Amino acid sequence: MKHIPIAILGGGIAGLGAALRAKELGLNATVFEAGNSAGGLLDNFVVDGFRFDNAVHLSFATEPEVRRIFDRTPYLTHPADSMCFDNGVWLKHPVQNNLFPLSASRKVELIKSFLARPKDVDPTNYEQWLLSQYGDEIARSYPIAYTHKYWGTPPDQLSVNWIGNRMRRAELDEILFGAFTAQTPNTYYTKEMRYPKEGGYKAFIAPLIQDARIELNSRVIKIDPTLKQIEFDGGTTVSYDRLVSTLPLPELVRMMTEVPAAVANAAAKLEATSIDLISVGFKVELDLDLWFYIYDEDIYASRAYSPSVKSPANVPAGCSSLQFEVYQRGRDARYSAQELKDNVRMAIEKMGIAKADDVQFLHHKRLPWGNVIFDIGMEENRQIVRDHLDARKVASCGRFGEWDYLWSNQSFLSGYRAI
């Protein structure tokens with residue numbers, strides 16, 4: 001049986017961050033990755049010469065520990081400008097600050113509802129928070145509608161603990177200004193987005209992959225924290241001194257031996273979205289937005305982005321690309337690949353993006369883990385699992401290891417600090 005001083009499960013950015021810190025400290029660490037390439041959610045794939053990331057990724061990291069890695073890769077910068085599509089109308093993001101394209105009567109209706117919003121409330125769920133921020137009409141027309149598409153969960157079943165600066169708070173001055181003019185300032189939580197010139201977003205973590213000791217095609221099926229042993233699906237078993245996991249908490253608990261029923265039940269209640277990616281290659285150059293949100297119920301995708309805008313190197317010369325993201329709660333697929341492709345074709349026509357003849361291909365890929373869902377009560381179940389892992393000397397990190405809404409820079413630091 002092979003012995004590993006520090007075993008790291010998962011070759012995404014959190015696992016790679018842990019491997020880097022171990023190397024800096026002179027510790028012997030090995031990363032075990034289930035797939036045939038490292039990168040996790042930051043990996044990418046190529047279809048007919050078009051490169052697509054695993055969903056939209058853009059960096060706005062400020063942390064020195066992250067920038068000293070990412071900045072080793074030549075990159076392009078983009079303003080953090082995004083758009084929204086709602087029933088035939090394109091509006092700048094966030095919608096409440098950019099009502100200018102709407103009719104006068106609709107703007108009056110939305111603003112009156114905002115002024116009549118419930119005040120001095122202490123929201124206990126996300127729906128209450130949205131109503132108190134935006135008023136009934138804005139909330140139900142935009143963020144509540146979007147919540148059903150992006151989280152696959154009614155907003156009154158979500159907590160408010162994840163919001164942070166991810167949602168722009170409503171201000172009367174901003175709403176009124178954006179109702180009278182299209183020349184509104186960018187109020188996004190960052191002003192600049194960075195993306196590698198070549199190689200997709202994964203190029204940012206190429207130095208981490210190069211420096212780490214990684215064993216690919218190593219899918220874990222059993223972990224015995226008492227014996228400090230890991231069994232893989234190929235029949236191999238290794239022993240370890242220290243274990244760092246970036247695996248989703250429900251999966252990690254399912255693999256572990258001697259798990260109390262209370263811990264197993266808590267882990268089973270932790271839920272996340274999965275993502276269907278419909279990647280579109282266009283054989284012509286199109287004028288596309290960097291990324292945009294979609295509110296229409298008949299369009300399955302909640303948002304889309306353009307790899308060719310992120311970097312021209314992502315497409316062959318004279319071409320363009322988009323990737324549509326369809327989110328749902330849980331691991332089970334809701335639509336077939338063909339249904340998703342047909343719906344994207346309809347969306348491209350409905351939004352006036354391109355002609356049918358401009359499409360070179362549509363490609364489907366499914367990611368089983370997308371974003372952690374902040375169900376009400378989730379934090380209590382998460383803590384039960386975390387406490388058990390701490391007691392078994394298992395360091396769990398990353399988006400699904402911490403079970404938190406972490407961006408790539410935060411996931412890197414989570415792994416880096418786990419060592």
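This is a predicted model: local features need pLDDT of at least 70, side-chain atom pairs count only at pLDDT 80 or more; totals for chains, interfaces and linings use all residues.
Me: How do α3 and α7 pack, at what angle and how far apart?
Reply: Helix α3 (residues 104–115) and helix α7 (residues 172–180) lie with their axes 11 Å apart, at an angle of about 175°. Helices are DSSP runs of H or I with at least four residues, numbered from the N terminus; axes are lines fitted to C-alpha atoms over the stretch in contact, with angles from 0 to 180 degrees between N-to-C directions. α3 is therefore roughly antiparallel to α7, a term for angles over 145 degrees.

Me: Which residues make the contact?
Reply: From α3 they are Lys 107, Ile 111, Phe 114 and Leu 115, and from α7 Leu 172, Ile 175, Leu 176 and Ala 179; contact means heavy atoms within 4.5 Å.

Me: What about a nonpolar surface patch, which residues make it?
Reply: Leu 115, Leu 172, Leu 176 and Phe 180 make a patch of about 390 Å². Helix α7 gives the largest share, three residues.

Me: And where do α4 and α6 meet?
Reply: Tyr 126, Glu 127, Leu 130, Leu 131 and Tyr 134 of α4 meet Pro 143, Ile 144 and Thr 147 of α6.

Me: Which conventions apply?
Reply: Residues are numbered from 1 along each chain as its sequence is written, and side-chain values use heavy atoms, without hydrogens and water. Local features need pLDDT of at least 70 and side-chain atom pairs count only at pLDDT 80 or more, while totals for chains, interfaces and linings use all residues.

Note on methods
Helices (H or I, at least four residues) and strands (E, at least two) are DSSP runs, numbered from the N terminus. Angles under 35 degrees count as roughly parallel, over 145 as roughly antiparallel, 65 to 115 as roughly perpendicular and the rest as oblique. Patches are made of residues with over 30% relative accessible area and no salt bridge: like charges are joined within 9 Å, nonpolar side chains (Val, Leu, Ile, Met, Phe, Trp, Tyr) within 5 Å. Accessible areas come from the Shrake-Rupley method with a 1.4 Å probe; for residues, only the protein chains shown count as cover. A salt bridge is a side-chain nitrogen of Lys or Arg within 4 Å of a carboxyl oxygen of Asp or Glu.
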